[in-house]
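Please read the report below alongside the sequence and the 3D view.

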Amino acid sequence: MALREIRLSDDPILRKKSKEITEITDRIKILLDDMIDTMNEAEGVGLAAPQVGVLRRAVVIDVGEGPIKLINPVITEMKGEEIDIEGCLSVPNRSGTVSRPQWVKVRYLDENGKEKVLEGTGLLARAICHEIDHLEGILYIDKIIEEVEIEEKNLSDEV
């Protein structure tokens, strides 16, 4: 496994829509593993494939309960609203408040091609929405309500 370069907000690839993954190859599995390593190294809780320069619908998330790998994720239901602070590994040294659903249900494929459903609340719901936005070429700064001053490397909510 390898660390990949995280693309920053001025990179045009982050504004493009990702393509569906039609076959789960060894390359896709390596990509997912590399994304987990890269996310962990950068101390984030989520990472989408476009953030490492790959326009494919793949996301990894770890909110402290172990890594989740989502291929072709689609939000099927959402409820509530929660406004909280977000950051992004592709937008360093910035954070701001964003409105997200309090609860989401997402359908996706695991790395073995099996269809699964995941429900999440709080930080997990926020991370799912944030990362799926990346697959659509949307950054959290597009949805920011208010910029928030950040303190020295205290962005535990970087998604």
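How far is the sulfur of Cys88 from the closest cysteine sulfur? The distance is 14 Å, to Cys129, which is too far for a bond. A disulfide is a pair of cysteine sulfur atoms within 2.5 Å, and a search of the whole structure finds zero of them.

This is a predicted model, in which local features need pLDDT of at least 70, side-chain atom pairs count only at pLDDT 80 or more, and totals for chains, interfaces and linings use all residues. Residues are numbered from 1 along each chain as its sequence is written, and side-chain values use heavy atoms, with hydrogens and water left out.

**Helix α2**

Helices (H or I, at least four residues) and strands (E, at least two) are DSSP runs, numbered from the N terminus. Helix α2 covers residues 122-135, 14 residues in total. From its first C-alpha to its last, α2 reaches 21 Å, close to the 20 Å expected at 1.5 Å a residue; the expected span is 1.5 Å times one less than the number of residues. Just after α2, Gly137 has a positive phi of about 80°.

Twelve of the 14 residues of α2 are buried, so the helix is mostly covered. Here buried means under 20% relative accessible area, exposed over 50%, and partly exposed in between, with a 1.4 Å probe and protein chains only. Among the buried residues of α2 are Leu124, Ile128, His130 and His134. Glu131 also lies in α2, and UniProt, in an unreviewed entry, places the feature "active site" there. UniProt positions are given in the numbering used here, feature names are shortened, and annotations may be inferred rather than shown by experiment.

| Residue | Relative accessible area | Class |
|---|---|---|
| Cys88 | 0% | buried |
| Cys129 | 6% | buried |
| Glu131 | 0% | buried |

Two strands pair if DSSP finds at least two bridges between them. Five strands form an open antiparallel sheet in the order β1-β2-β3-β6-β7. β1 (46-48) and β7 (115-121) stand at the edges with a single partner strand each, so one side of each has no neighbour in the sheet. From one strand to the next, the twist averages 40°. Inside this sheet, β2 (residues 58-61) runs antiparallel to β3 (residues 68-79), and four bridges join them. Val60 has Lys69 in β3 as its bridge partner.

Which strands does helix α1 lie across? Helix α1 (residues 26-41) lies across β1, β2 and β3, at about 40° to β2. Contact means heavy atoms within 4.5 Å. Axes are lines fitted to C-alpha atoms, for helices over the stretch in contact, and angles run from 0 to 180 degrees between N-to-C directions. Helix α2 lies across β1, β2, β3, β6 (103-109) and β7, and runs at about 125° to β7.

**The three-stranded sheet**

Three strands form an open sheet, again with antiparallel pairing, in the order β4-β5-β8. β4 (82-88) and β8 (146-148) are the edge strands, each pairing on one side only. The twist here averages 30° from one strand to the next. Six bridges pair β4 with β5 (residues 91-100) in the antiparallel sense, and Ile85 stands opposite Thr97 in β5. Helix α2 lies across β4 and β5 too, running at about 55° to β4.
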